[in-house]
Amino acid sequence: MSDQQINITLPDGSVRSYEKGVSGLQIALSISEGLARNVLAAKVNGEVWDANRPIHEDATVQLLTWNDKDGKSTFWHSSAHLMAEALEALYPGVKLGIGPSIETGFYYDVDFGDREFDGAELEKIEAKMAELAKQKNEYIRKDISKTDAVAYFTEKGDEYKLDLLERLEDGNITFYEQGNFVDLCRGPHIPNTGFIKAVKLLNIAGAYWRGDEKNKMLTRIYGVTFPKAKELAEYLHMLEEAKRRDHRKLGRELELFTFSEKVGMGLPLWLPKGTLLRERLVNFMKRAQDKSGYQQVVTPHIGHKALYETSGHYEKYGKDSFQPIATPNEGEEFLLKPMNCPHHCEIYKHKPRSYKDLPIRYAEFGTVYRYEQSGELHGLTRVRGFTQDDAHIFCRPEQVKEEFIKVIDLVLYVFRALGFEDYTAQISLRDPEKAEKYIGSDDAWNKAESAIIEAAAEKGLDTVTELGEAAFYGPKLDFMVKDALGRKWQLGTIQVDYQLPDRFELEYIGSDNQKHRPVMIHRAPFGSLERFVAVLIEHCAGNFPLWLSPEQMTILPISEKFTEYAEQVKSILEDHDIMGAIDNRDEKIGRKIRDAEVKKIPFMLIVGEKEMAEGKLSVRKHGEGDLGSFTPEEFATYFKGIISESLAQ
RNA sequence: GCCGACGUAGCUCAGGGGUAGAGUACUUCCUUGGUAAGGAAGGGGUCACGGGUUCAAAUCCCGUCGUUGGCUCCA
């Protein structure tokens with residue numbers, strides 16, 4: 001083989017020989033024209049490159065299309081450049097900050113100077129982007145010296161790019177050019193703007209330069225683009241659907257919860273139906289925990305300041321918490337409890353423990369209060385008072401992994417019962433560069449981190465690892481579920497903790513008759529009930545699984561002549577623990593059905609002359625329609641069957 | 001907390017310096033109806049709150065509170 005040839009290894013393991021300087025695009029072309037038309041970028045030895053950038057050495061190459069995550073992000077990054085080009089064309093003199101791709105779409109931070117920019121202008125920019133995209137301008141990569149780069153942006157008067165340049169090293173700087181637009185950019189980019197077929201600018205928001213509130217606020221324009229118009233339509237439909245499922249809207253409509261200015265922001269008020277839903281979740285969790293060897297405990301809503309000084313929470317969060325409440329005479333200080341664990345440590349300590357007692361698992365649906373910045377509050381997902389399905393497992397060091405695995409099993413059972421099929425586990429480790437953020441010894445951290453990693457591997461979890469996401473006292477495993485619309489939510493969490501046992505001087509007597517220190521595992525499968533209910537509402541669009549539904553059925557008499565029979569049916573069903581109201585209003589059956597459908601009540605039981613004569617009821621299922629007639633007992637059996645199926649282990 | 005938008009009946013929203021509106025929900029009456037809205041009448045609002053401008057403010061201005069989209073934060 002001549003030295004003008006290089007070997008390219010493709011993802012399927014095949015090796016092909018190409019001329020030196022071949023590009024990803026040319027490789028694609030050699031495979032099929034269709035592939036070449038769809039190639040957005042190429043992953044060369046694990047690094048994402050422009051599809052048309054020449055490859056000079058043997059390499060492993062993966063061609064990236066819209067179906068690859070990296071392909072999408074390249075596409076959106078290039079779209080940000082396209083938007084910047086449109087902005088410069090429409091608003092000469094605008095200054096540009098940064099314009100990255102994000103999980104869905106992209107944004108660009110823009111300084112419009114004195115110009116007032118309002119959202120209505122987004123359509124104008126969209127149109128300009130579409131026009132520029134049609135020109136199929138190539139994205140051209142250029143190496144440039146730092147001096148020339150600085151000269152260019154000095155001339156242009158763009159202080160933000162100059163600020164960025166300050167932190168870059170000479171010899172490492174590239175510009176990308178497309179059409180009339182040049183940007184400082186590491187790349188990579190898609191071959192040309194023609195790939196961008198559908199553009200939607202979604203909203204604008206303020207954002208500080210470099211995220212620092214001391215800096216100037218720029219206008220951030222969010223957008224999303226697609227290679228096909230149809231995909232944009234689907235995306236917009238998804239947004240509509242998300243709006244329709246918004247738990248704040250459904251929570252109000254289904255009368256689950258409310259807020260009151262007078263009670264205070266971020267402090268949810270649970271209405272009777274929401275409370276019923278919550279209680280069902282709590283009972284479900286209690287049953288599951290009882291089976292797994294947990295014991296329920298109850299602790300107060302406040303605790304002495306010293307308790308949190310011991311735990312380390314006061315030092316870490318004291319300033320950013322609700323401030324202590326003082327007693328009028330003694331001047332003692334108490335904090336609203338932000339965590340249940342210190343209380344549980346004191347329960348552990350109330351008597352000497354033997355190694356034979358461990359593990360001890362204390363569970364509490366503990367309501368905690370945390371000060372959240374006013375701008376952070378959002379429906380039930382971010383509140384100032386919430387209830388955790390909290391538990392703390394105190395165990396011997398050698399039991400950590402086994403206990404951890406048991407917790408994973410419990411979490412997965414819970415997800416399954418609630419219809420969350422799609423989840424990943426995020427392992428959050430400490431950021432080794434920021435040791436000051438964490439308490440505890442390296443040794444303890446290493447042990448905790450490896451326990452989590454091993455347990456996750458043993459359960460075959462699909463994991464991602466994030467550095468710097470750990471809690472200050474220990475690493476954690478968080479479960480991220482995907483809801484019915486593909487949105488990711490963080491729910492359950494499991495954390496290994498070697499610090500609190502030290503701080504609280506927890507002990508047990510080992511088989512060697514010596515004192516030993518237990519290890520704690522914090523865990524909350526739901527996380528917070530508030531947040532969990534919010535996610536559940538959006539996941540099922542308010543159509544709760546039957547076993548959770550706050551109103552499982554309603555009895556609809558055809559006319560008031562059948563009220564008495566309806567009462568009889570109700571009482572029979574009550575004996576089977578099937579609860580619901582009779583809709584006795586002076587309305588026609590069509591109206592009663594409509595109202596029950598709107599309220600998303602799972603079953604409508606219609607009783608009229610025919611049913612009364614036969615001792616039956618006509619069953620109509622929400623969203624599905626008439627199921628035919630059942631005796632009350634037959635219905636109860638059918639009803640219970642549905643529930644036990646969804647709760648099967 | 002910071003920046004922007006918003007705040008009118010329980011809910012969804014119209015109005016925009018000169019007597020407060022609609023749909024829906026609610027109440028009463030008529031109707032006793034068979035699988036997604038029967039008819040009529042009626043009650044309900046300090047137009048978030050506090051100041052200011054004006055002969056006159058729901059409307060314009062300022063402030064506060066709240067909601068909301070972001071930013072920063074999240075034990």
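**Entry 1: Alanine 541.** I began in the loop between α16 (529–540) and β31 (553–557), where alanine 541 is found. I noted that the model is a predicted one. I looked up the backbone of alanine 541 and read a positive phi of about 55°, although the residue is not a glycine.

**Entry 2: Lysine 600.** I turned to the loop between α18 (589–598) and β33 (603–607), which holds lysine 600. Lysine 600 is not a glycine, yet its phi is positive, near 60°. I looked up its relative accessibility and found 18%. Buried means under 20%, so lysine 600 counts as buried.

**Entry 3: Proline 359.** I located proline 359 in the loop between α12 (341–348) and β22 (360–369). I checked the peptide bond from leucine 358 to proline 359 and found it cis, with omega near 0°.

**Entry 4: Helices α3 and α4.** I examined how helix α3 (residues 69–90) packs with helix α4 (residues 122–134): the angle is about 110°, and the axes lie 9 Å apart. The two helices are therefore roughly perpendicular to each other. I recorded the crossing of α3 past α4 as right-handed. Which residues of α3 and α4 meet? On the α3 side I listed Ser79, Leu82, Met83, Glu85, Ala86, Leu87, Ala89 and Leu90. These meet Lys124, Ile125, Lys128, Met129, Leu132 and Ala133 of α4. By class, I noted ten nonpolar, one polar and three charged residues in this contact.

Note on methods:
Residues are numbered from 1 along each chain as its sequence is written. Chains are lettered from A and ligands numbered from 1 in the order in which they are written. This is a predicted model: local features need pLDDT of at least 70, side-chain atom pairs count only at pLDDT 80 or more; totals for chains, interfaces and linings use all residues. Side-chain values use heavy atoms; hydrogens and water are left out. Axes are lines fitted to C-alpha atoms, for helices over the stretch in contact, and angles run from 0 to 180 degrees between N-to-C directions. Helices (H or I, at least four residues) and strands (E, at least two) are DSSP runs, numbered from the N terminus. Angles under 35 degrees count as roughly parallel, over 145 as roughly antiparallel, 65 to 115 as roughly perpendicular and the rest as oblique. A crossing is left-handed if the near helix is turned anticlockwise from the far one by less than a right angle, and right-handed if clockwise. Contact means heavy atoms within 4.5 Å. Ala, Val, Leu, Ile, Met, Phe, Trp, Tyr, Cys and Pro count as nonpolar, Asp, Glu, Lys and Arg as charged, and the others, Gly among them, as polar. Buried means under 20% relative accessible area, exposed over 50%, partly exposed in between (1.4 Å probe, protein chains only).
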